[in-house]
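Please keep the sequence and the structure in view while reading.

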Amino acid sequence: MSKISRATKAVKKVNPGSVIRMIIRAGQAMPGPPLGPVLGQRGIPIGQFCKDFNERTKDIKEGVPLPVRIDVKPDRTYEIQINQPTASYFLKAAAGIDKGAAQTGHEVVGMVTLKHLYEIALVKSKNSNFVVRDMSLEKVVKSLIGSARTLGIKVVRDLSAEEYAVFRQQREEALAAAAETQAAALDAVPKKK
C-alpha cells in the first residue's frame, strides 16, 4: 500500500462533528436507553453529559420534555442547546390532560381558550424556530391551533370553570362506557382451547 493511499484512509477516518436532536425530560437524563446508546455511538462521555444536562435543568420543573440540540465536535466534546418545552406539552397542560386523542378529529379530549393560546404563543414566539422565520404572533397562534386540533383539543372563545368541569365529567363517563363495551366484547369472543 502506497503512502498516498494510507494517507487518504487516515483522512477518511476523521469523523466530522454531528448534531443530535432529542427530547429529554428536565432533570431526568440517565445513561440508559434511549439517550445512552445515541451518545455512546458518537463517543460522548454519557455520565458527564447526564450530569451537565441535569445541572443545567435543575431550575425547571422535573419531567418537563425539553427539545435538546447536541453539537458533537470531532474531538468528542459537545455543546448543549436546550430549547423551551414543546407546544404539545403547553397545550396538554393548559387543557389539563395527560395525552392527546386516540383518534384525531373524531374525539375531543380537552378544551383551551384563545387566551391560553395567546399566552402560550408569547412564550413560544421567543423560540429560535419562530424567531428565524420571523413569524408574527398571529401566525404562532394559528400554528398552535393546528397543534391543538391534532391533539384533540378544542379551541373556544370563552370557557368557565363550571363548563369545563361538566365537559370533563361527560368525558370520563364516555370513557368508562367505552371501556365497559370493549370488555364485554372481549368476554363475548369464544376463547381457543
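## A loop residue at the sheet

Thr-57 is located in the loop between α3 and β2; helices (H or I, at least four residues) and strands (E, at least two) are DSSP runs, numbered from the N terminus. At 1% relative accessibility, Thr-57 counts as buried, where buried means under 20% relative accessible area, exposed over 50% and partly exposed in between (1.4 Å probe, protein chains only). Leaving aside residues up to four places away in sequence, Thr-57 touches Ala-26, Gly-27, Leu-66 and Ile-82; contact means heavy atoms within 4.5 Å.

## Basis of the model

The model is predicted: local features need pLDDT of at least 70 and side-chain atom pairs count only at pLDDT 80 or more, while totals for chains, interfaces and linings use all residues. Residues are numbered from 1 along each chain as its sequence is written, and side-chain values use heavy atoms, with hydrogens and water left out.

## Overall composition

The protein contains 8 helices and 5 strands. From the N terminus on, these elements run α-β-α-α-β-β-α-β-α-α-α-β-α. Of the 193 residues, 27% are buried. Among contacts with a separation of 6 or more, 65% are between residues 24 or more positions apart.

The protein exposes about 13,300 Å², of which carbon and sulfur atoms supply 55%. Accessible areas come from the Shrake-Rupley method with a 1.4 Å probe; for residues, only the protein chains shown count as cover.

## The three-stranded sheet

An open sheet is formed by 3 strands in the order β1-β2-β3, with antiparallel pairing; two strands pair if DSSP finds at least two bridges between them. β1 (18-25) and β3 (78-82) are at the edges with a single partner strand each, so one side of each has no neighbour in the sheet. On average, neighbouring strands of this sheet are turned by 25° against each other, direction ignored.

β1 is joined by 8 bridges to the antiparallel strand β2 (residues 65-72). Ile-24 stands opposite Leu-66 in β2. Helix α3 (residues 46-56) lies across β1, β2 and β3, and runs at about 30° to β3. Axes are lines fitted to C-alpha atoms, for helices over the stretch in contact, and angles run from 0 to 180 degrees between N-to-C directions.

## Helices packed against α7

Which helices pack with α7? The axes of α5 (residues 114-124) and α7 (residues 137-151) come within 9 Å and cross at roughly 115°. The two helices are therefore roughly perpendicular, a term for angles of 65 to 115 degrees, whereas those under 35 count as roughly parallel, those over 145 as roughly antiparallel and the rest as oblique. Residues in this contact include Leu-117 and Tyr-118 of α5 and Val-140 and Leu-144 of α7.

Helix α4 (residues 87-95) also packs with α7, at about 70° and with the axes 10 Å apart, so α4 is roughly perpendicular to α7. Ala-87, Ser-88, Leu-91 and Lys-92 of α4 meet Leu-144, Ser-147, Ala-148 and Leu-151 of α7.

## Backbone features in loops

A cis peptide bond, with omega about 0°, joins Pro-33 and Pro-34. Pro-34 lies in the loop between β1 and α2 (35-41).

Arg-76, in the loop between β2 and β3, is not a glycine but has a positive phi, near 65°; Arg-76 is exposed, with a relative accessible area of 54%. Asp-134 lies in the loop between α6 (128-133) and α7. Although not a glycine, Asp-134 has a positive phi of about 55°, and Asp-134 is exposed at 69% relative accessible area.
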